[in-house]
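Trainee: I am new to this structure. Please take me slowly through one part of it: how strands pair up.

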Amino acid sequence: DPGGELGCEDGQGTAARFYQPSAVAMDCDGSVLVAGGNDHCIRKVAPDGTVSTLAGSLDEGAGSTDGPSHLARFDDPQGVAVDVEGNVLVADTSNHSTRKIARDGVVSTLAGSAEGESGHADGAGDAARFDYPCSVAVDVDGTIVVADHGNHCIRKVTPEGVVSTLAGPTDGSDGTANGPASTARFYNPEDVAIDDNGNVLVGDSYNKA
């Protein structure tokens, strides 16, 4: 809506409504995927401007449920990316997890607690913990990089869901320091991207860098 009216409605062009959309990514077919934030879902904008709900529910609100796209639930997803196979990766921020929407529409929790438990723990799948992850990027080999906002660090997730700390502390401490990954410090990083050479770029929010 060019007038800035809030809402949660699918439809064509300006008839559609969003509620604080927080991130976008381009799909392989030219559609734009939108992390809905307070829509608590992932939306899809086709090249002709038609908006539909890719996963989650505009009517049911927040939750944490895996399964077919129309039954899946998210809680304030703030980051979205698409891998080379067309899978959609989601930073499900208030569920403290990284979710995956497969090409068949089935949603799964790739890493982090399926119950929405926060923390900092490396490990595989449900054993890993995040604290308000708010951005995701995916490399050509399927590796996912996550801006772990509340843990003040950058995490790495393999395509199989194994999580490790790529850069920053493992104790949740904030700071400002360059240097080797293990001694570098961030302060509430909010965005992450990967360039053509595999370098990771970070929007280090509270460090204003």
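Mentor: Start with the terms. A strand is a DSSP run of E with at least two residues, numbered from the N terminus. Two strands pair if DSSP finds at least two bridges between them. This is a predicted model, where local features need pLDDT of at least 70, side-chain atom pairs need 80 or more, and totals for chains, interfaces and linings use all residues. Residues are numbered from 1 along each chain as its sequence is written, and side-chain values use heavy atoms, without hydrogens or water.

Now take β9 and β10. They form a hairpin, with four residues between the two strands. Look at the turn: Gly 105 there has a positive phi of about 90 degrees. Strand β9 covers residues 97–101 and pairs with β10 in the antiparallel sense, over five bridges. Find Thr 98; it stands opposite Ala 111 in β10.

β10 has another partner. Strand β6, residues 67–68, pairs with β10 (residues 106–112) over two bridges, again antiparallel. Here Pro 68 faces Val 106 of β10.

Stay a moment with Arg 99. Arg 99 lies over the face of Phe 74, 4.7 Å from the ring centre. To count, CZ of Arg or NZ of Lys must be within 6 Å of the ring centre and within 35 degrees of the ring normal.

Next, the open sheet. Five strands run in the order β11-β15-β14-β13-β12, with antiparallel pairing. In general, strands of a sheet pair through backbone hydrogen bonds. β12 meets β13, residues 144–148, over five antiparallel bridges. Val 136 stands opposite Val 146 in β13.

Move to β15, residues 162–167, and pick out Thr 165. The side chain of Thr 165 makes a polar contact of 3.1 Å with the side chain of Asp 122. A second polar contact, 3.5 Å, joins the side chains of Thr 165 and Arg 155. The term covers N or O atoms within 3.5 Å; within protein, one must be able to donate a hydrogen and the other to accept it, and sequence neighbours count only if both atoms are side-chain atoms.

Last, the wider surroundings. Leaving out residues up to four places away in sequence, Thr 165 touches His 120, Asp 122, Cys 153, Ile 154, Arg 155 and Thr 170. Contact means heavy atoms within 4.5 Å.
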